[in-house]
Structure formats: C-alpha cells, structure tokens
Amino acid sequence: MSTNVGQVIRCKAAVAWEAGKPLVIEEVEVAPPEKMEVRIKILFTSLCHTDVYFWEAKGQNPVFPRILGHEAGGIVESVGEGVTDLQPGDHVLPVFTGECRECAHCKSEESNMCDLLRINTDRGVMIHDQKSRFSINGKPVFHFVGTSTFSEYTVVHVGCLAKINPLAPLDKVCVLSCGISTGLGATLNVAKPKKGSSVAIFGLGAVGLAAAEGARIAGASRIIGVDLNANRFELAKKFGVTEFVNPKDYTKPVQEVIAEMTNGGVDRSVECTGHIDAMISAFECVHDGWGVAVLVGVPHKDAVFKTSPVNLLNERTLKGTFFGNYKPRSDLPSVVEKYMNKELEVEKFITHEVPFAEINKAFDLMLKGEGLRCIIRMDS
Ligand code: NAD
Ligand code: ZN
C-alpha cells in the first residue's frame, strides 16, 4: 500500500495557463480520491488532437488553468469510498468517457453514452462534489474530460478506468485509451464494412489510420485514404490504405472524385479530421442505397452540418461515434488483448517519444502534422 493514502500528493503536472501558450511544468497538489474515485500514477501519456483543440480553445470554450491529457496508462495508487473493483497496483487505462454500469445507456447493448460519465469537455471538476482535486498553493486547477493525464498523479472516476492485463506494456497500450480504439471501433463497431467492400477514410492521423486498420481487419478490399497532407500517404501504406486522394489536387469536390473512382460511391466512409467540410464530403461520398458514413472528428463548436435531405432519402446513412462505441470498462480490456494476441499492431502508431519535461515538443509535432503518436514518459 502506498504511504500517501488519504494524503495530498505533491507532484509535477503540465499546466495549461492560457489558450495556446506552452504548458508549464508546475508542482501541484493532488487531493486524495473521494467517493467512487481512484488516484492513479500516470506512467505514460500521449497527445491526441482533442487535447490540442482545447488547449488552443479557438473553436472550443476556454477553461483555464487546466491540466489536459486523456490518452494514458497508469497504476492505481489509492481508491476512494465505494470503489470495489480496483485496488492499488492495478494497471489501468483512463478514458475520456465512462461507464457507470447502472444507467439506461450502460444497460443497453447499443450505447456507450453513459448518462453519468459521458464526455463533458466544459466541466473542469469532479462529479462527486463539483470540485477540482488539483491545486497550486491552494488555488484550484481544472480537470479535462475527467482524466487530466499530463500529471504524475491524477484522480479519475472509477467508471472512467479500464482495468487491463498487467502484462501489457503501458508505454504501448496507452495509445489504446483514446485514439486507436476510437478509430478501430468506428470501423469495426459502427461502419461495419463487409468483406470485399470499399471504405474511404478521411484524415490519416492516428485515429484515421486506426480506422483503416479496422477496415483491413474486416477484409475491405479497397481502402481509400483522403488527406490534405501528402506526407501522410507514405505512412498510411503500412496501414493497408490502398489508394490516396488529396482534395487539393482537384477542382471538383472530393465526394465527386470518390464517386467516379468507385462507380457511384464507397460502401463505407469514416471521417477522422474534425473539419466540417470533410464531414460533409465523407457523407456525400457513400453509395446511395446502402452507404454508411461515420463521423469521428471533433468539430468546431459553431460548425453546422449541411447537406440535401435527398442524400438521406436516397438511403445513405449518417452515424457518429464516441470512442468507437466501445464501453470503456467492459470492452477496452479486450482491445488490449487484441494487441497481446498480435491481432492488432500498436507500435506502428508510435512515431515519437519525449520526456515529460519536453511535453511541448509533442504539441509542436502535432501542429506541424509530423508523426502519429508521441509518447510522453513521466518518469524521465
Ligand atoms: P490528426 O491531426 O493526427 O489527424 C487529422 C488528419 O486530418 C491530418 O492528417 C490532417 O491533415 C487531416 N485533415 C484535416 N482536414 C482535412 C480535410 N478537410 N480533408 C482531409 N483531411 C483533412 O488527429 P487525430 O489525433 O488522428 O484525431 C482525428 C480527429 O478525431 C480529431 O478531430 C480528434 O479530436 C477526433 N477524435 C474523436 C474521438 C471520438 O471519440 N469521437 C476520439 C479521439 C479523437
Ligand atoms: Zn452509465
């Protein structure tokens, strides 16, 4: 048992003081976990584009000072009242959305949109008492999507923690706690392409390439990658993407280009860019009669999806997903097992690694569109 149980822990955290300004490594106080909460030691975290959106706060509500971060792997340090299924030493992946196991959504086989713990990007406090567990000299610092993993220790609701195989290397499987599972699940659980079908993937970042990986696993025969950044195409070959389209190379809309390539449209499309134009194109490029488009990217808060209703009447389906429709506690451990059984490769998503002190480099890489996932090591 940790000697800090019930005590405040002082540790390092990367604090976002202001929108778009480099994070500052500060000494923070992390309060003990309250009812149904767990304090975890983060060993590895990685940067997802969603962190960058809320740090830039251009298209999102600004909540500062805040500790960002939601893709991570850690070890339980102590548990609060009422927590029975986790104990100190358990290996866990924190997730930005949760599973209370009691609400109608958790009881439904079809939903992972837990009433209690579903993502809330504007909330910077814990649900139990509407307070933050982080402070600097007694002044609160806000949480981010219930995880705040850019800290050596963080407090998370038990429903947002997946207990995983302790043999799984946390420096690899940490990327399954958001982006990779999201893309994989968007294809396997939501788009559900049939064997031999065609799939278009919009956005070839880690999420999109995980969606492509899902299409490959499902046996799709054509996987068309769409990205504005031509540097992504070489990388994407490793993920089973068979053809590439850069919308910048054409004067006509990309949905028309894809319709021409595929005799009327793709069977499935998965949008992983967060840009409204790409969302509309991803929908309009699916075949009438049976095509299904799945939206994954997080849009600007003022974005509006505009298309002719005829596109829907013509039997195209538009869907969206959070976290690839996986229920974090029930399903994520089995995604980790897919990696352990070598059905799923995660190493190819990890292109960079930095020590915690250099966390801002991970932001620079993402802003430049370089690489896929940058692992941030907390212990160095
Ligand atoms: P990323 O920045 O690494 O990749 C996005 C890619 O999209 C880039 O390669 C970029 O060049 C490309 N792109 C941008 N605009 C485009 C356009 N109009 N047409 C074609 N390509 C375009 O980001 P990521 O980490 O892979 O995340 C992708 C998206 O998924 C983000 O919006 C992120 O917030 C979102 N996300 C959603 C969930 C969810 O549960 N729904 C979970 C995680 C991430
Ligand atoms: Zn629930």
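Helices (H or I, at least four residues) and strands (E, at least two) are DSSP runs, numbered from the N terminus, and two strands pair if DSSP finds at least two bridges between them. This is a predicted model, where local features need pLDDT of at least 70, side-chain atom pairs count only at pLDDT 80 or more, and totals for chains, interfaces and linings use all residues. Side-chain values use heavy atoms, leaving out hydrogens and water; residues are numbered from 1 along each chain as its sequence is written, with chains lettered from A and ligands numbered from 1 in written order.

**View 1. The six-stranded sheet.** Here's an open sheet with parallel pairing, ordered β12-β11-β10-β13-β14-β15. Because β12 (243–245) and β15 (317–320) each have a single partner strand, one side of each has no neighbour in the sheet. From one strand to the next, the twist averages 20° (axes are lines fitted to C-alpha atoms, for helices over the stretch in contact; angles run from 0 to 180 degrees between N-to-C directions).

**View 2. β10 beside β11.** Strands β10 (residues 198–202) and β11 (residues 222–226) run parallel, joined by five bridges. Look for Val199 opposite Ile223 in β11.

**View 3. Helix α4 on the sheet.** Helix α4 (residues 179–191) lies across β13 (268–271), β14 (292–295) and β15, at about 145° to β13. Contact here means heavy atoms within 4.5 Å.

View 4. Cys103 is buried at 10% relative accessibility, and Cys106 is buried at 13% (buried means under 20% relative accessible area, with a 1.4 Å probe and protein chains only).

Note on methods:
Buried < 20%, exposed > 50% of the residue type's maximum accessible area, 1.4 Å probe, protein only.
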